Amino acid sequence: MFPSDMFLINIVVFVPLALFGFALSFRRRARNKRERAAAENVGELREHRGSDHLFCDYAEWQAGAEPTGMKRKIAPRITPLLCDASEDKLVLRAGYHVMMRRLAITLALIVLGGGMAKFAITDAVSYVQRGHHFTKYIEDPDGETRSVYVDHDATPWNYVLKKINQASLAYENRGTDLAGVASTTLELIAREFSQLGFYGSILGFILMLLSKAPAPIVIDRKRRLVYTWYRHRFWAAPWDKVRITRVEGHTRHTALAFALHDTKGKGGTRWFILSGAPAWGEKDDPRDRLLPDARTFSRWEGMRLWISEWVAGQRDPTPKEQTRRFALLHLLAPRMREVPKKGIEDWPKL
């Protein structure tokens, strides 16, 4: 497959997705305009738009952590955010923006790897059937240089070594001048484009899974404190003073974001987002059917209501909420950073 063919495949796949994304963006922009006007009337407009993310849209308003002025009943929800719960602490999964970013990367890798799979697999099968040998140049007794084939077992590692052997021979034949090296490199990329795209997409996906998602957000009911761990230091805010806003991803689910302060006073204030991924098999609640799109757009309100009732001592996690922690998007972020158990106790209250 040539790069031009891959370009056409990307157009066919990503143009409809881009148009759908633009439609959602225009819809969000119209809603944000209405909310911004309402926020200006009550003085709840966000003071800055720091730490915004490419695949998540922050609302332009901010509010307190306690629900006020509810115009309709909202279904409290905590699944599948809950990582751990004790008498005084909730540990909630964070990083909705990371999941949105990884979802976009995964789709791109699927298109790239899928488009190159046939050609890469055909090349690997050909290697197993008849091409498992290395090429070497030796000098015979007459002083002439000739090529010889050295057979080896057909293994994945030897397949990689053969590709390296072919590349090294190509560079040896072209010389070491800059023009020759550049020309050889371009020819090798064109020749091995399908293999680079297919195996590179697999390697990229594995590296993405191995990288850790953000540390969870911890809510301490006894100290009435919200905190997390980022860039080797704690970020925290008192529950009674913490500011929240809504974050919406391109999957049209919303999440709750907290404005937390650097406890060392170096990084100012940043927004930290809970996971907005829906639980596997999650069903609509009757209280979420009162308005169009209520299940998706009110998710952040359900999170805030559940957490605020827990802080007030009005609710505890049910056995179902304790065990129902799986969401499909969580498969893209299987590893999380950890919040140190010690250190935040020394932070003075704001």
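Q: Which residue in β12 does A257 stand opposite?
A: In this predicted model, strand β11 covers residues 254-262 and is joined to β12 by five bridges, the two strands running antiparallel. Strand β12 covers residues 269-273, and within this pairing the residue opposite A257 is I273.

Q: Which residue in the turn between β11 and β12 has a positive phi, and of about what value?
A: The two strands, β11 and β12, form a hairpin that leaves six residues between them. In the turn of that hairpin the residue with a positive phi is G265, and its phi is about 75°.

Q: Why is strand β12 largely enclosed by the rest of the structure?
A: A residue counts as buried when its relative accessible area is under 20%. Strand β12 has five residues, and it is largely enclosed because the number of them that are buried is four.

Q: Is T184 buried or exposed?
A: T184 is found in helix α4, which covers residues 178-191, and, leaving aside residues up to four places away in sequence, T184 touches A170, Y171 and R174. Its relative accessibility is 2%, and the cut-off for burial is under 20%. T184 therefore counts as buried.

Q: At roughly what angle do the axes of α4 and α5 cross?
A: The axes of α4 and α5 come within 4 Å of each other, and the two helices are roughly perpendicular. The contact is made by I189, A190 and R191 on the α4 side and by F193, Q195 and L196 on the α5 side. The axes cross at roughly 65°.

Q: What separates the C-alpha atoms of P216 and V91?
A: P216 has its place in the loop between α5 and β7, and at 7% relative accessibility P216 counts as buried. Not counting residues up to four places away in sequence, P216 touches V91, L92, A94, Y227, T228, R337 and V339. Although P216 and V91 are 125 residues apart along the chain, their C-alpha atoms are separated by 6.2 Å.

Q: Where is the peptide bond from T79 to P80 placed, and is it cis or trans?
A: Most peptide bonds are trans. P80 lies in the loop between β2, residues 63-64, and β3, residues 82-85. The bond from T79 to P80 has an omega near -5°, and it is cis.

Q: What is the phi of R224, which is not a glycine?
A: Most residues other than glycine have a negative phi. R224 lies in the loop between β7 and β8, where R224 is partly exposed, with a relative accessible area of 30%. The phi of R224 is positive, at about 50°.

Q: Is H232 buried or exposed, and with what relative accessible area?
A: H232 lies in the loop between β8 and β9, and H232 has a positive phi of about 65° although it is not a glycine. The cut-off for an exposed residue is over 50% relative accessible area. H232 is exposed, with a relative accessible area of 68%.

Conventions
Residues are numbered from 1 along each chain as its sequence is written. This is a predicted model: local features need pLDDT of at least 70, side-chain atom pairs count only at pLDDT 80 or more; totals for chains, interfaces and linings use all residues. Side-chain values use heavy atoms; hydrogens and water are left out. Buried means under 20% relative accessible area, exposed over 50%, partly exposed in between (1.4 Å probe, protein chains only). Two strands pair if DSSP finds at least two bridges between them. Contact means heavy atoms within 4.5 Å. Axes are lines fitted to C-alpha atoms, for helices over the stretch in contact, and angles run from 0 to 180 degrees between N-to-C directions. Angles under 35 degrees count as roughly parallel, over 145 as roughly antiparallel, 65 to 115 as roughly perpendicular and the rest as oblique.
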